[in-house]
Amino acid sequence: MKKEFRIKKNKEIGNVLNNKISINNEYFRLFILKNSETSHFRYAISVGKKIGNAVVRNKVKRRLRSLFLEYFKKINKNFDFFLIAKPKINDLNYQELMEIFFKSINKIITKGEKQ
């Protein structure tokens, strides 16, 4: 993905966290913020050391990045997303993760559009 789709600055991630629109499940927590500055979505992913060693964490990040890319090829919304992975995410295969991710993203986008 291009660099313009990533959120890198701590201040911008803090803004998304302070917005308080989130969805929480046993695999990840997803925060959202409506962004009027850009015409496309942006995202940040956090995978902590409780997930596993560096190889496992990188695998989880690759999967989540591909899910963001796949989902937003279909729907282009101008939201900022911040996803925090939880240790149980290792128990899922890619297909299960995709189903849970898409359900969660649809739910949180409808929440974000209402506000």
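I noted the ground rules next. The model is predicted, so local features need a pLDDT of at least 70, side-chain atom pairs count only at pLDDT 80 or more, and totals for chains, interfaces and linings use all residues. Residues are numbered from 1 along each chain as its sequence is written, and side-chain values use heavy atoms, with hydrogens and water left out.

**Confidence**

I looked up pLDDT, the predictor's confidence in each residue, from 0 to 100. The protein averages 86, and 92% of the residues score at least 70. Among the elements, where is confidence lowest, and where is it highest? Helix α1 (residues 10-18) is lowest, at a mean of 86. Strand β3 (residues 42-46) is highest, at 91.

**Fold**

I found 3 helices and 4 strands. Both are DSSP runs, numbered from the N terminus: helices are H or I with at least four residues, strands are E with at least two. From the N terminus on, the order reads α-β-β-β-α-β-α. The radius of gyration is 13 Å, close to the 13 Å that the globule rule gives for 115 residues, so the protein is as compact as a globular protein of that length. That radius is taken over C-alpha atoms, and the rule is 2.2 Å times the number of residues to the power 0.38. Along its principal axes, the C-alpha trace spans about 35 × 25 × 25 Å.

I checked contacts too (heavy atoms within 4.5 Å). Among contacts between residues at least 6 apart in sequence, 80% join residues at least 24 apart.

**Burial and charge**

Of the 115 residues, 41% count as buried. My cut-offs for relative accessible area: buried is under 20%, exposed is over 50%, partly exposed is in between (1.4 Å probe, protein chains only).

I then looked at 27 positive and 10 negative charges. Their mean positions are 5 Å apart. Lys and Arg count as positive, Asp and Glu as negative; His and the chain ends are not counted. Each charge is placed at NZ of Lys, CZ of Arg, CG of Asp or CD of Glu.

Is I51 buried or exposed? I51 is buried, with a relative accessible area of 6%. Leaving out residues up to four places away in sequence, I51 touches V56, R57, V60, A85, K86, P87, I89 and N90. I51 and K88 are 37 residues apart in sequence, yet 7.8 Å apart in space, C-alpha to C-alpha.

D91: this residue sits in the loop between β4 (79-85) and α3. D91 counts as exposed, at 58% relative accessibility. Its C-alpha is 13 Å from that of R57, 34 residues away along the chain.

E113: I placed this one in helix α3 (residues 94-114). E113 is partly exposed, at 41% relative accessible area. Which residues does E113 contact, leaving aside its neighbours within four places in sequence? They are K77 and F79. The C-alpha atoms of E113 and L64 are separated by 23 Å.

R6: this residue lies in the segment before α1. R6 counts as partly exposed, at 31% relative accessibility. R6 and I108 are 102 residues apart along the chain, and their C-alpha atoms are separated by 19 Å.
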